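Please look at the sequence and the model shown here before reading on.

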Amino acid sequence: MISQDSLQPLIEEVWANRELLTSISHTEAIQSTIEGLDKGIIRVAEQTPEGWIVNEWIKKAVLLY
């Protein structure tokens, strides 16, 4: 699986420009994000001492999927 730090920029790019859905690296980023969610490695929302934090980029990946 691609690292979370490298997934986020790719997801943000394809969210802004849907033409990138034809790019292999961007579609692999979406697939890797979904895989991370399925395995419980990443979460759409996380509880922190300051409260809940929503990972917007993961929500975007789900919608793009």
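How many residues does α2 have, and how far does α2 reach from its first C-alpha to its last? Helix α2 has 16 residues and reaches 22 Å from the first C-alpha to the last, close to the 22 Å expected at 1.5 Å a residue, where the expected span is 1.5 Å times one less than the number of residues. Helices here are DSSP runs of H or I with at least four residues, strands being E runs of at least two, and both are numbered from the N terminus.

This is a predicted model, in which local features need pLDDT of at least 70 and side-chain atom pairs count only at pLDDT 80 or more, while totals for chains, interfaces and linings use all residues. Residues are numbered from 1 along each chain as its sequence is written, and side-chain values use heavy atoms, with hydrogens and water left out.

**Packing of α2**

Two packed helices are described by the angle between their axes and the distance between the axes. The axes of α2 (residues 24-39) and α3 (residues 56-64) come within 9 Å and cross at roughly 110°; the axes are lines fitted to C-alpha atoms over the stretch in contact, with angles running from 0 to 180 degrees between N-to-C directions.

On the α2 side, Ile 30, Thr 33, Ile 34 and Leu 37 meet Trp 57, Ile 58, Ala 61, Val 62 and Leu 64 of α3, contact meaning heavy atoms within 4.5 Å. By class, this contact has 8 nonpolar, 1 polar and no charged residues, where Ala, Val, Leu, Ile, Met, Phe, Trp, Tyr, Cys and Pro count as nonpolar, Asp, Glu, Lys and Arg as charged, and the others, Gly among them, as polar.

The buried residues of α2 are His 26, Ala 29, Ile 30, Ser 32, Thr 33, Ile 34 and Gly 36, and they pack against α1 (4-16) and α3. Buried means under 20% relative accessible area, exposed over 50%, and partly exposed in between, with a 1.4 Å probe and protein chains only. Just after α2, Gly 40 takes a positive phi of about 80°.

**Salt bridges**

The structure holds 3 salt bridges, each defined by a side-chain nitrogen of Lys or Arg within 4 Å of a carboxyl oxygen of Asp or Glu.

| Pair | N to O distance |
|---|---|
| Lys 60 and Glu 12 | 2.8 Å |
| Lys 39 and Glu 35 | 3.1 Å |
| Glu 56 and Lys 59 | 3.6 Å |

Lys 60 lies in α3 and Glu 12 in α1, so this pair ties together parts that are 48 residues apart in sequence. Lys 60 counts as buried at 19% relative accessibility, whereas Glu 12 is partly exposed at 27%.

Lys 39 and Glu 35, 4 residues apart in α2, are separated by about one helical turn; Lys 39 is exposed at 56% and Glu 35 partly exposed at 32%. Glu 56 and Lys 59, 3 residues apart in α3, are likewise separated by about one helical turn, with Glu 56 partly exposed at 41% and Lys 59 partly exposed at 36%.

**A loop residue**

Leu 20 sits in the loop between α1 and α2 and counts as partly exposed at 25% relative accessibility. Leaving aside residues up to four places away in sequence, Leu 20 touches Glu 13, Val 14 and His 26. Leu 20 and Leu 10 are 10 residues apart in sequence, with their C-alpha atoms 9.4 Å apart in space.
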